[in-house]
Amino acid sequence: MQNNNNKELTLSAPLSGPVLTLGKVPDAVFASGAMGDGIAIDPLNDTLHAPCAGVVIHVARTGHALTLRADNGAEILLHLGLDTVELQGDGFTVLVKEGARVSNGQPLLRYDLDKVGQQCKSLISLLILTNGERFQARPITLKTVKVGEPLLHIVSRENTSVNADVSDGPEAKGQVRIAHRGGLHARPAALIRQTAQGFSSQSQLHFAGKSAPCTSLIGLMGLAIGEQDEVQVSCQGPDAEAALQALLSALATALPDDHHADAPVSVATNKRPAEAGVLHGVCAAPGLVGGPLFRLHAIKLPSDAGGNDPVQQKQALDLALKQVRSDIDATLNQAQKHRNTDEEAIFAAHLALLEDPALLDAAFQSIEQGSAATHAWSQSIDVQCEVLLNTGSALLAERANDLRDLKQRVLRALLGEAWHYQVPAGAIVAAHELTPSDLLQLSAQGVAGLCMAEGGATSHVAILARGKGLPCMVALGSSLLDQAQGQSVVLDADGGRLELAPSAERLAEVQQAQIDRQQRRAAQQTQAHLPAETRNGVHIEVVANVASSHEAADAFANGADGVGLLRTEFLFVDRQTAPDENEQRAAYQAVLDAMGDKSVIIRTIDVGGDKQLDYLPLPVEANPVLGLRGIRLAQARPEILDQQLRALLQVSPLQRCRILLPMVTEVDELLHIRQRVDQLCVELGISQRPEIGVMIEVPAAALQAEQLAEHADFLSIGTNDLSQYTLAMDRDHAGLAARVDALHPALLRLIAMTCAGAAVHKRWVGVCGALASDPLATPVLIGLGVSELSVSPVQIGEIKDRVRQLHQAECQRLSHDLLKLSSAAAVRHACHQHWPLR
Ligand code: PEP
Ligand code: MG
């Protein structure tokens with residue numbers, strides 16, 4: 001069946017036999033893609049058929065190959081066997097003439113299977129798209145096919161563009177060497193995609209005779225571009241030159257955190273002498289744990305006889321994709337809230353993969369041909385996994401695991417299966433291969449460790465396991481899957497060993513070490529509700545950053561001394577209308593109620609910049625991060641701030657509430673709002689206005705801390721923005737993430753200056769940026785004069801424990817010396833020396 005809308009075309013199999021990607025063809029020229037993109041078949045029949053209707057534009061003199069031009073303009077070379085030109089026509093009978101019009105499936109050439117098979121290097125035959133600059137080939141299947149079955153999807157490159165009009169615009173071309181460590185794997189590819197999406201031009205990457213649109217993650221990864229490979233970039237459209245420059249720079253700038261994110265933590269390999277009762281593997285996340293083995297099984301699909309209703313199946317797939325997208329969105333939001341950048345990058349890449357035209361087109365195409373949505377999706381993923389596995393790059397091969405993650409999630413949504421497992425806490429999970437979303441669930445269920453028969457130490461699962469401190473081993477081999485459910489094992493990830501029959505003493509020893517660690521954590525937890533004092537009796541408030549009453553309840557249960565920062569944006573974003581005064585008051589009240597008798601600092605709305613509200617059109621700005629954001633919104637829309645202030649002045653008891661103003665840059669802003677709060681208090685009959693604090697998150701505020709402290713009741717340092725504005729580095733820039741470090745000596749100087757300025761007016765200083773949650777920074781902040789740390793709720797116990805180990809005088813002495821160091825790395829190194837982490 002063909003779908004020919006003059007742009008798209010499905011080619012049917014010209015031969016019967018197993019299908020191979022070009023990478024597997026034992027011929028360097030075809031395998032490199034130098035002849036063009038396409039596919040290969042190892043034929044079992046003796047006649048080559050037309051894969052589509054078209055005109056024969058060339059027949060090789062020696063009869064072993066011919067070229068067709070399809071009605072949409074795609075030119076397809078059909079080449080029978082390898083090096084068959086040397087047979088000089090012996091054994092081949094061409095059944096058509098040059099210039100003839102042929103129909104789909106028409107026999108084109110017959111050959112003597114035995115004769116040609118014996119005399120040539122290989123019978124593997126090729127179907128190559130020779131005008132790849134205009135069209136793209138996407139395999140539909142990599143299984144064995146029969147003549148006439150759907151094989152390859154041909155799409156016009158104009159069709160793959162978001163904006164088809166750009167094909168007439170100016171063109172810009174350039175070339176560049178890839179700086180990304182390990183080549184163009186998922187995260188750099190996601191960065192390239194994101195960069196390309198910022199322009200209306202259509203951009204392509206070209207390498208080794210193949211091309212891919214920059215908007216397709218899979219396409220980019222499928223080019224198998226290695227580190228230091230030279231690639232060509234072409235852009236066409238109104239902003240082609242700007243797009244080209246942005247892409248060249250993104251390709252030539254390595255992601256700095258690539259080094260630790262992708263680097264395996266151990267070089268333990270499974271190539272070592274066998275040891276009885278031990279499986280050897282590769283350490284993906286360190287640790288030593290013992291416990292019962294729990295086997296996880298993969299999804300099984302029901303059989304599909306085909307002939308399904310395409311409309312119904314398409315709807316089902318659309319719905320499932322929507323559901324998975326919204327699940328991943330939720331995971332992403334959590335990761336963003338907790339500033340878990342690894343998790344954020346991985347799931348953002350999953351979201352991009354889920355929109356990838358290479359996956360969606362192939363799946364919907366199969367549905368058109370009668371496949372069930374489950375099978376169409378499954379097959380489309382399998383084909384792309386195979387493409388990645390065939391690139392010959394270990395790093396790209398591991399990205400196939402991300403595709404399998406999406407396969408499972410979408411299949412579960414289609415089958416109406418919950419994608420939740422029930423695994424006993426303390427178990428060591430064994431599986432063929434786990435995916436990033438499996439890992440998040442398993443970690444939430446309190447498993448002790450993970451082991452996989454396959455997988456790699458640079459996979460996204462490994463990165464996540466390391467982030468969660470969950471010991472994990474990969475590449476243990478298939479005998480892992482033969483082990484009995486529930487048997488006791490020891491997972492020694494540091495040593496790359498899974499001990500299958502540990503002695504009672506060994507188990508006890510491992511369990512003791514585990515218990516010691518847990519006890520330390522539990523001890524921190526039992527002390528979490530007590531005030532935190534340094535060894536010399538200085539009290540440090542350890543409070544929480546929250547964004548909802550739900551998170552406030554969590555913080556309270558974890559022992560928070562209060563809320564140090566309620567980000568109120570949560571009430572305003574992702575909705576079509578503004579919350580009214582009553583809704584806001586109820587939301588703030590709920591946070592106060594969740595915190596018992598503790599105090600709550602409510603920050604006024606910090607939108608603008610990159611956080612836009614659908615119902616609040618603000619002028620388009622050239623530099624939104626330097627525009628109308630934070631308290632500056634009061635300048636543009638005073639009524640919004642007024643309404644919020646009225647709502648929060650009505651919470652009860654008001655004495656437990658403090659107001660915090662974001663992005664203040666000068667004293668007048670504070671005076672203006674303070675005056676307005678005073679007026680509202682009079683209007684509402686309030687005799688005592690709540691305390692008003694100022695966020696120190698731009699250098700101007702830190703430099704003027706003394707002047708601000710004269711009129712503010714307290715100062716709270718937002719190290720996230722203070723880093724961004726001091727270092728002139730976008731806090732969300734993937735390529736700069738490792739350098740936006742708030743322990744930079746310049747930041748420490750601004751913090752010291754803020755504390756000194758506040759001390760002149762006897763005001764206290766807190767830190768509510770992410771630096772407060774970093775235990776390495778605790779002694780530095782205390783030493784510089786900070787007395788309140790607002791941290792993520794899960795870290796309350798740990799940070800309080802850290803405070804209790806410190807002596808303020810020593811912190812003061814050592815931290816002032818850090819200001820003289822030359823870099824954030826030097827500061828971190830010195831902190832490890834002075835105040836080692838336990
Ligand atoms: C900060 O900038 O450090 C801060 C706490 O505010 P936000 O992260 O909400 O911008
Ligand atoms: Mg901020």
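Asp721 touches Arg629, Met663, Glu697 and Arg731, leaving out residues up to four places away in sequence. Touching, or contact, means heavy atoms within 4.5 Å.

Before going on, the ground rules. This is a predicted model, in which local features need pLDDT of at least 70, side-chain atom pairs count only at pLDDT 80 or more, and totals for chains, interfaces and linings use all residues. Residues are numbered from 1 along each chain as its sequence is written, chains are lettered from A and ligands numbered from 1 in the order in which they are written, and side-chain values use heavy atoms, with hydrogens and water left out.

Back to Asp721. Asp721 is found in helix 24. Helices here are DSSP runs of H or I with at least four residues, strands are runs of E with at least two, and both are numbered from the N terminus. Is Asp721 buried or exposed? Asp721 is buried, with a relative accessible area of 3%. For the cut-offs: buried is under 20% relative accessible area, exposed is over 50%, and partly exposed is in between, with a 1.4 Å probe and protein chains only.

Next, helix 21. Helix 21 covers residues 667–683, and its 17 residues at 1.5 Å a residue should span 24 Å; the end C-alpha atoms are 25 Å apart, which agrees. That expected span is 1.5 Å times one less than the number of residues. Which of its residues are buried? Val667, Glu669, Leu670, Ile673, Val677, Leu680 and Cys681. A reminder: an α-helix has 3.6 residues a turn, so residues three or four places apart point the same way. On the other side of helix 21, Asp668, Gln675 and Val682 are exposed. The cover over the buried residues of helix 21 includes helix 20 (638–649), strand 31 (657–661), strand 32 and helix 23 (705–711). Just after helix 21 comes Gly685, with a positive phi of about 70 degrees.

On to the cores. A nonpolar core is a set of buried Ala, Val, Leu, Ile, Met, Phe, Trp, Tyr and Cys residues joined through side-chain atoms within 4.5 Å. The largest has 100 residues, and those with the most contacts inside it are Tyr588, Leu715, Leu748, Ile751 and Leu789. Helix 25 (residues 745–760) gives the most to this core, with 7 residues. Apart from it lies another core of 85 residues, among them Ile218, Phe347, Val447 and Leu470. Take Leu715. Beyond four places in sequence, its contacts include Val694, Ile696, Thr754, Ala758 and Trp764.

Trp764 returns in the aromatic pairs. Rings of Phe, Tyr and Trp (its six-membered ring) pair if their centres lie within 6.5 Å; planes under 30 degrees apart count as stacked, over 60 as edge-to-face and the rest as tilted. By this rule the count is 2 aromatic pairs. Phe714 and Trp764 form a stacked one, 4.7 Å centre to centre with 5 degrees between the planes. Phe714 sits in strand 33 (residues 714–717) and Trp764 in strand 34 (residues 764–767), 50 residues apart, linking distant parts of the chain. Phe714 is buried at a relative accessible area of 0%, whereas Trp764 is partly exposed at 23%.

Two covered helices to finish. In helix 13 (residues 436–444), 7 of the 9 residues are buried, so the helix is largely enclosed by the rest of the structure. Gly446 follows helix 13, with a positive phi near 80 degrees. Helix 27 (residues 796–804) is mostly covered, with 7 of its 9 residues buried. Those buried residues pack against elements including helix 15 (504–526), strand 28 (539–546) and helix 26 (778–784).
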